[in-house]
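Here is a short report on one protein chain. Please look over the sequence and the structure before reading on.

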Amino acid sequence: SSADGQVVFHIPVTGSKNGVKHVGSNIVFFNSANNKQVQIKNPIIDLGKGTVSAVIPQGSDEVTTVLQITNASTLKPVVTNDRKVSLKTTAYKGAELSLAPGIGAALSSLLGLPAGSIPENLAFATADVSLYSAIKAKR
């Protein structure tokens, strides 16, 4: 988070398959007024469904949809092949992220905020997503 209130989410995407699990990735929601945080580990990003799901450790032990990519169905990939390093990059610009239904209330409670202070389905970020994969050698 920066001084102007900008929040940066770092969610690495390591493949182009739906349901890729990212071991070591985190999404953190933090309340600076009381130092409470909700840390979501190892999110599962499903570009086909337009969702980011994970277990919320302070909540239930079930995988829950945390974020929605509201414009997932209209995102158009731009593919770049860099044959010098055998790398294919598929970029999606302007992915719009919003809180999934029910997550605003859960976050408000877990962060010690008044009920309703984080609206449901809150649109809060636009992100660019890049997928990287090896270019297969021609035989």
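**Confidence**

This is a predicted model. The mean pLDDT of the protein is 78. A pLDDT of 70 or more is reached by 81% of the residues. Over residues 1-10, the pLDDT is below 50. That stretch has seven contacts in the model beyond near neighbours in sequence. Residues 12-17 also stay under 50 in pLDDT. For residues 12-17 the model has 14 contacts beyond four places in sequence. Where pLDDT is low, the predicted coordinates should not be read in detail.

**Overall packing**

The protein has 139 residues, and 32% of them are buried. Its accessible surface comes to about 8,900 Å². Carbon and sulfur atoms account for 52% of that surface. Among contacts with a separation of 6 or more, 48% join residues 24 or more positions apart.

**Nonpolar cores**

The largest nonpolar core holds 16 residues. Phe29, Val38, Ile40, Val66, Leu99, Ile103 and Leu107 touch the most other members. Which elements give two or more residues to this core? They are strand 2 (26-31), strand 3 (36-46), strand 4 (51-55), strand 5 (63-69) and helix 1 (103-110). Strand 3 provides the largest share, three residues.

Leu99 belongs to this core. Beyond four places in sequence, the contacts of Leu99 include Phe29, Val66, Gly104, Leu107, Ile118 and Phe124. A second, separate core has eight residues, among them Leu75, Tyr92, Ala95 and Leu131.

**Along strand 7**

Strand 7 covers residues 87-99.

| Residue | Relative accessibility | Class |
|---|---|---|
| Leu87 | 30% | partly exposed |
| Thr90 | 10% | buried |
| Ser98 | 3% | buried |

Buried means under 20% relative accessible area, so Thr90 at 10% falls in that class. Thr90 lies in strand 7. Leaving out residues up to four places away in sequence, Thr90 touches Pro77, Val78, Val79, Val129, Ser130 and Leu131.

Ser98 is in strand 7 as well. Its C-alpha atom is 6.9 Å from that of Thr70, 28 residues apart along the chain. Which residues does Ser98 touch, not counting those up to four places away in sequence? They are Val66, Leu67, Gln68, Thr70, Asn121, Leu122, Ala123 and Phe124.

Leu87 is also part of a nonpolar patch on the surface, together with Val85 and Tyr132. The accessible area of the three together is about 270 Å².

**Positive phi in loops**

Asn35 is not a glycine, yet its phi is positive, at about 60 degrees. Asn35 sits in the loop between strand 2 and strand 3. Is Asn35 buried or exposed? Asn35 counts as exposed because its relative accessibility is 57%, and the cut-off for exposed is over 50%.

Ser86, another residue other than glycine, has a positive phi near 55 degrees. Ser86 lies in the loop between strand 6 (78-82) and strand 7. With 38% relative accessibility, Ser86 counts as partly exposed.

Note on methods
Residues are numbered from 1 along each chain as its sequence is written. This is a predicted model: local features need pLDDT of at least 70, side-chain atom pairs count only at pLDDT 80 or more; totals for chains, interfaces and linings use all residues. Side-chain values use heavy atoms; hydrogens and water are left out. pLDDT is the predictor's confidence in each residue, from 0 to 100. Contact means heavy atoms within 4.5 Å. Patches are made of residues with over 30% relative accessible area and no salt bridge: like charges are joined within 9 Å, nonpolar side chains (Val, Leu, Ile, Met, Phe, Trp, Tyr) within 5 Å. Accessible areas come from the Shrake-Rupley method with a 1.4 Å probe; for residues, only the protein chains shown count as cover. A salt bridge is a side-chain nitrogen of Lys or Arg within 4 Å of a carboxyl oxygen of Asp or Glu. Helices (H or I, at least four residues) and strands (E, at least two) are DSSP runs, numbered from the N terminus. Buried means under 20% relative accessible area, exposed over 50%, partly exposed in between (1.4 Å probe, protein chains only). A nonpolar core is a set of buried Ala, Val, Leu, Ile, Met, Phe, Trp, Tyr and Cys residues joined through side-chain atoms within 4.5 Å.
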